[in-house]
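Colleague: Could you take a close look at the place where the two chains meet, and tell me how far the model can be trusted around it?

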Amino acid sequence: MKRHNVVKHFISFLTENDVAIFSGSELCKEAYAYDRPGNFYLEDTFGLAVSFALGVALCSDKKVFVFVGEGDLLRDLSSAAQASASSCKNLILVVLDNGVYQGVSNQPNIFDRLVSKRGLFYDMGFLVQDYTKHFRDSKFKQLKNIINRLKGPVVVLIELSAGINKKIESLFVDKIEAGSNLTEFLTRAPKDDRIDNKKPLNLDQGGGIN
Amino acid sequence: MVKATEFWNYLCEELDYRFFAGVACPGLVPLYKKMNADIMHYIPAANEKIALGLVSGARIAGNKGAVLMDMRFIYDLTDSFKFNVDYSIPLLVIGYNSGGEDEFPSYDFPVAFIIGESFKDDLNRVVSRSEDEKVPGLIVIEKGGLS
């Protein structure tokens, strides 16, 4: 399955309280086609997507999904280690693995040469879930149930077929407005009364000073 | 010379900065020693860029914060600051400077060099401009400036 299809389905699995952060220009364009409150787009990734998402997750009780390509993640693997070390239960790192840099004429990266992709994240301390087969076999109802029950820190690995949907339009997002929209989304009264959105800062995670 | 306890009390309780992330720096040891978990949260980060991402994410979620670091590594954040400017996410960088002012690049951000008792005025000035303009603010601790 190509990435834009996986993104389309994955977004449909999210609840209205979930935050979804997308990293990289092509991935952002694909996700923006299914825009929803709680989506946040980091077109120029700056290599900050995972640590930014972790900061959001540590200060909110909303579930935070961060979607990154494997090439993007390889540039700053230490951010994955930081996420794992945080033991942050509401952070889900979704690694969309097509084995190449799609935006750069499908230039290969080293992710496929790793002895064990799962092992890389498992040894950092993540729970690792591979949903490649679920997406390939279109087990969407099952996937939705599993994804809604996920507790972090977890890495979701999905292997994809290379290919960009060229029909998808460019992304026109006012970044300043996007930031304030996300703040409003994170601090608004929760739909679910059981969720307290404002997490106190005496966090029992993140390797704090206590 | 600024007392670390006084610095934290003012920054956390008066200015409401509560979320901190950073990379260990020998010049900031007095600050580490006087961290108070009752009024703040600190996360040791794998590198300065990650610290900046953490603090930026915390800010988007409504918590003001700062990155603690050695100013020698400020160059690593030059690209990342563009993220804060683009998305209007203000934060503070509290950095230790063992050299002169020329040791790090000049940015069009508010900067204060903390060396003495006037630190509250300096902090107020940087915080005020950082918040108004929604840009990073640099608090530079000079060698021997902390106790």
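Modeller: A term to begin with is pLDDT, the predictor's confidence in each residue, on a scale from 0 to 100. This is a predicted model, in which local features need pLDDT of at least 70 and side-chain atom pairs count only at 80 or more, while totals for chains, interfaces and linings use all residues. Residues are numbered from 1 along each chain as its sequence is written, and chains are lettered from A, with ligands numbered from 1, in the order in which they are written.

In chain A the mean pLDDT is 87, with 90% of the residues at 70 or more. Over residues 193-197 of chain A, however, the value is below 50, and this stretch has ten contacts beyond near neighbours in sequence, a contact being two residues whose C-beta atoms, placed from the backbone, lie within 7 Å. Residues 206-210 of chain A also stay under 50, and for them the model has 16 contacts beyond four places in sequence.

Turning to the meeting place itself, 32 residues of chain A are in contact with 31 residues of chain B. On the side of chain B that touches chain A, at least two residues each come from strand S1 (17-22), strand S2 (41-44), helix H3 (48-60) and helix H4 (78-86) of chain B, where helices (H or I, at least four residues) and strands (E, at least two) are DSSP runs numbered from the N terminus. H3(B) gives the most to this side, with nine residues. Chain A, for its part, has nine helices and eight strands.
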